[in-house]
Amino acid sequence: TFLEFMNGKAPGTILTDQNMWLKEALATEMPRTKHAFAFWHVISKFPDWFSVILGSQYDNWKSEFHRLYNLHSIEEFEVGWRDMVDAYGLHGNNHVVSLYALRTYWALPFLRCYFFAGMTSTFQSESINSCIQRFLSAQSVLENFVEQVATVLCAKDKAGAKQKMQRKIPEVSLKTGSPIEANAAAVLTPYAFCKLQEELLLAPQYASLMLDENYFIVRHHTEKDGGCKVLWIPNDELISCNCNHFEFSGILCRHVLRVLSSNNCFQIPDQYLPMRWRDVPSSLTKPVHATSGKYQLLQSMISTLLTESIETEDRLDFACSHVALVLAQIKEFPISSDGVNDIAYNSPSDSLVLPEVEDSDGIAQSFSGNPHESLAFAKLKERAWRDGLGDIYRKRRRSVPCRGQYGHDASDCPELGGDDFNGDGSGFL
């Protein structure tokens, strides 16, 4: 039913509670959608499952579990999980076996290369549920129900937009004086800018070490080794970090921002300011078929319209009614067939179906993917491999299940000559 309302277009990622029937249904109906479990629902069962059998060790075990959950490297997670099971004597525990078998659905090392807008829980969805329940009853007819909800949400959107114009949005507080910060403030929504600003404020605490023309190691100033691997190719405006913060949240990480600032880059490349986080109508970011002069004139007129309209209530009402009329007339014009097409997000398929599990030795991981590559990555792939930097692209190519051992795939298989350069082993919103 959801797919029918969405004209057959499935989401790239979906976050649900830990329901095995729902898991199997999604694997069947939306096989290309990356399905994850809300972490809160996973840990909410821990007191019943582990507090008695672990006793006084329960709090320490829970801290260790959270540490494993927040790791970046799949390899580190696999090693840490085995150490945790050994340390707390959890061999053969059915709950631990099940958690491990479903690790690709809840553990961040397996999810960071997918876009979840930084969310790991469904609290936002639950607040929407409480709103929707006001309209829903056993007698609700689906078509009428959807119309009711749409009408209420549309009214809320209009009221919010009106309030936003009336209060003349205050200037964003810039804290670093960085041109990158000013650039982001002019484009991003307040929420997204706040998240980026947090990364910007932390970036100076990191050292950026150039290993060659395009390859950097970025580590905290208190660390003597380790760190994140950043690939930056200025001519192609390509930058990537193996922490996968951008892939997971859509916000550039402190490691990337450190490399940009230390190499005199004063503006964030356009592709790293996703439409989801922009505080402008999506139509203004599409390629313009008219002349640039007319487009700039329209932008100027819109800016002046906003400035003049919010002065009084009468002006605002007049502007809203007439702009609505103009928009209705514009929408009657045909759209060119060579216009912008939606770019399909092909997320990797991961339709693991949990078997009846008895012990962890019988569980094998299967992780296959269909990459979502930008044109820039496609053009640079050959060059990167030639320069010996191909490992950083592993997260963007198809993962091939490895039949040698479980806990890794062909992208980081030791038998195939892989190393720990891109420890996420993943097959990459």
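# Close-up views of a predicted model

**View 1. Strands β4 and β5 side by side.** Strand β4 (residues 215-220) runs antiparallel to strand β5 (residues 228-233), and four bridges join them. Two strands count as paired if DSSP finds at least two bridges between them. Strands here are DSSP runs (E, at least two residues) and helices are DSSP runs too (H or I, at least four residues), numbered from the N terminus. What you see is a predicted model, in which local features need pLDDT of at least 70 and side-chain atom pairs count only at pLDDT 80 or more, while totals for chains, interfaces and linings use all residues. Residues are numbered from 1 along each chain as its sequence is written, and side-chain values use heavy atoms, with hydrogens and water left out. Look for isoleucine 217, which stands opposite lysine 229 in β5. Phenylalanine 216 has valine 230 in β5 as its bridge partner.

**View 2. Strand β4 and its covered faces.** Six of the six residues of β4 are buried. Buried means under 20% relative accessible area, exposed means over 50%, and partly exposed lies in between (1.4 Å probe, protein chains only). In a regular strand, side chains alternate between the two faces of the sheet. On one side of β4 sit Tyr215, Ile217 and Arg219, on the other Phe216, Val218 and His220, and all of them are buried.

**View 3. The hairpin and the sheet around it.** A hairpin of four linking residues takes the chain from β3 to β4. These two strands, β3 and β4, pair in the antiparallel sense over five bridges. Leucine 209 has isoleucine 217 in β4 as its bridge partner. Stepping back, you can follow an open sheet of four strands in the order β3-β4-β5-β6, with antiparallel pairing. β3 (206-210) and β6 (238-241) stand at the edges with a single partner strand each, so one side of each has no neighbour in the sheet. From one strand to the next, the twist averages 25 degrees, with axes taken as lines fitted to C-alpha atoms (for helices over the stretch in contact) and angles running from 0 to 180 degrees between N-to-C directions.

**View 4. Cysteines without a disulfide.** A disulfide is a covalent bond between the sulfur atoms of two cysteines. The rule used here asks for a pair of cysteine sulfur atoms within 2.5 Å, and by this rule the count is zero. Cysteine 228 is buried, at 16% relative accessibility. For cysteine 253, the closest cysteine sulfur belongs to cysteine 243 and lies 3.7 Å away, again too far for a bond. Cysteine 253 is buried as well, at 3% relative accessibility.

**View 5. Glutamate 78 and arginine 82 on one helix.** Glutamate 78 forms a salt bridge with arginine 82, with the closest N and O atoms 3.2 Å apart. A salt bridge is a side-chain nitrogen of Lys or Arg within 4 Å of a carboxyl oxygen of Asp or Glu. The two residues are four apart in helix α6 (residues 74-87), so about one helical turn separates them. Glutamate 78 is buried, with a relative accessible area of 6%, whereas arginine 82 is partly exposed at 32%. Salt bridges that share partners join Glu78, Arg82 and Arg103 into one network.

**View 6. A salt bridge between two helices.** The side chains of glutamate 199 and arginine 254 meet in a salt bridge (2.9 Å, N to O). Glutamate 199 belongs to helix α11 (residues 190-202) and arginine 254 to helix α13 (residues 254-262), so the pair ties together parts that are 55 residues apart in sequence. Glutamate 199 is buried at 7% relative accessibility, while arginine 254 is partly exposed at 21%.

View 7. Leu305, Val323, Val326, Leu327, Ile330 and Phe333 make a nonpolar surface patch of about 530 Å². Patches are made of residues with over 30% relative accessible area and no salt bridge; like charges are joined within 9 Å, and nonpolar side chains (Val, Leu, Ile, Met, Phe, Trp, Tyr) within 5 Å. Accessible areas come from the Shrake-Rupley method with a 1.4 Å probe, and for residues only the protein chains shown count as cover. Helix α15 (residues 313-330) gives the most to this patch, with four residues. Phenylalanine 333 lies in the loop between α15 and α16 (375-386) and is exposed, at 60% relative accessibility.
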